[in-house]
Amino acid sequence: MATGTAVVSARGTIVPGMFGGPGRLAPWLPMLRRLPAPVARQLLVALAVGDGVARSGRLHRALSWSEDQHAGSKWSLALRLLANHGRFVADEAMIGIPDVDTLQRDVIVHGAEHFEGPTSGGLLLGFHLGPPRTAYVLRALGYPVRLTGRLEGAREDERWDEALKTGEAVRLPTGAPRGRAEGLHRIRTLLRQGGLVYLAGDGPFGREAFRIDLPGGPLVVRLGWLAMRRLARVPTFPVFTYREGGRRVIVIHPSLPQPDADSDRDTAQCQAALTPLVESYVRRYPDQCRYLAFPAWEPDDPSSGAPDV
Amino acid sequence: MSNDEILAAIIELADSTEGATKPHTLDAETPLSEGGFSLDSLGLIELLMACEDRFGIALDASELLPQQLSTVGTLAVLIQSRLADVRTPS
């Protein structure tokens, strides 16, 4: 196990201030950023808990999720889940993180040796579990990870232009499939050139590949990364992040089995390898599974407009 | 290779891409996604790769524009230009 030390300068042109939080937070961001960081973060924690209590639906979901976990008092777990929601919203918006140096403090990375060998490059497969922005934290530590995603903020912030041009970040925009196809083609090229690309295995986008049944509800795994690993023929390293004792811990697991050209066989072998990893995470850190407890998207709801990747 | 041959090859490859539907008309104006072959973004990538194999070209990711993936005809123009680059290397 290695702790996170910079292996190569990969900070590039992306700075924490380029990240916004959830859309609902946008009007409040200027005010939150003017407050002392600990105050702003505590405010978001208090709001998340207060919001959960005031909006009985969210509290009900938190209690329901907690009840299924068999992890001590359901009220305690539900309140921790709500509080973590506030903390992770703050992380998402980089509240209290003015620069890259701040971001890399109190981070431990386990398993980076898996992609530090002579055959570097591959797909880092993340999930919406635990603290957000894992790919960017890895970049801050010096790992040459390319960010991918909708990057909605990049549409109106020209500071993203250089990062998008150089491939530090790749947009997979909503809307017509050809926009995302362009992004996917870019990702495939980066992977085949030995790049390290972070892709989410779950989320609102794309065709469903399989589900991992969990106590509080299923985690829906998407097809995009599975197709990409077969198209680019690169190793895939599952990545999980959790917060423990005031530190962010990033765990990079050994590569999934080599891609199988047969899509059904490949999906089956990945499902078999990923299921115990996800189950173990949820058992250990149920209070950090905010997107499983309060989905930001409804994967089965056709009106949610979730586009195919 | 003539433009008609490229169009015919793209139509054949698009038709055999997983998830493709049969469009009402098959010509240069046929959309690759909505209203045509109904390919999603993964289908479009598979089609691009199939085109690379079929025509022996490499499509530069940094030069690829979304509008080049609109119709059979726009993709044909892209392929034609890459074939021309292959014939006249700089």
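# A guided tour of chain A

Begin by selecting A:Leu151, which is found in the loop between strand S3 (145-149) and helix H7 (160-166) of chain A; helices (H or I, at least four residues) and strands (E, at least two) are DSSP runs, numbered from the N terminus. This is a predicted model, in which local features need pLDDT of at least 70 and side-chain atom pairs count only at pLDDT 80 or more, while totals for chains, interfaces and linings use all residues. Residues are numbered from 1 along each chain as its sequence is written, chains are lettered from A and ligands numbered from 1 in the order in which they are written, and side-chain values use heavy atoms, with hydrogens and water left out.

The phi of A:Leu151 is near 45 degrees, a positive value in a residue other than glycine. Most residues other than glycine have a negative phi. A:Leu151 is also buried, with a relative accessible area of 16%; buried means under 20% relative accessible area, exposed over 50%, and partly exposed in between (1.4 Å probe, protein chains only).

Next, select A:Met94, in the loop between helix H4 (74-92) and helix H5 (100-103) of chain A. Although A:Met94 is not a glycine, its phi is positive, at about 60 degrees. A:Met94 counts as buried at 4% relative accessibility.

Now display helix H2 (residues 37-54) and helix H3 (residues 56-69) of chain A. Their axes come within 4 Å and cross at roughly 100 degrees, which makes H2(A) roughly perpendicular to H3(A). Axes are lines fitted to C-alpha atoms, for helices over the stretch in contact, and angles run from 0 to 180 degrees between N-to-C directions; under 35 degrees counts as roughly parallel, over 145 as roughly antiparallel, 65 to 115 as roughly perpendicular and the rest as oblique. A:Asp51, A:Gly52, A:Val53 and A:Ala54 in H2(A) meet A:Ser56, A:Arg58 and A:Leu59 in H3(A), where contact means heavy atoms within 4.5 Å.

Stay in helix H3 of chain A and select A:Ser66. A:Ser66 is buried, with a relative accessible area of 2%. Leaving aside residues up to four places away in sequence, A:Ser66 touches A:Lys74, A:Leu77 and A:Ala78.

Finally, select helix H9 (residues 224-232) of chain A, which is mostly covered, with 9 of its 9 residues buried. Among them are A:Trp225, A:Met228 and A:Arg230. Just after H9(A), A:Arg233 takes a positive phi of about 55 degrees.
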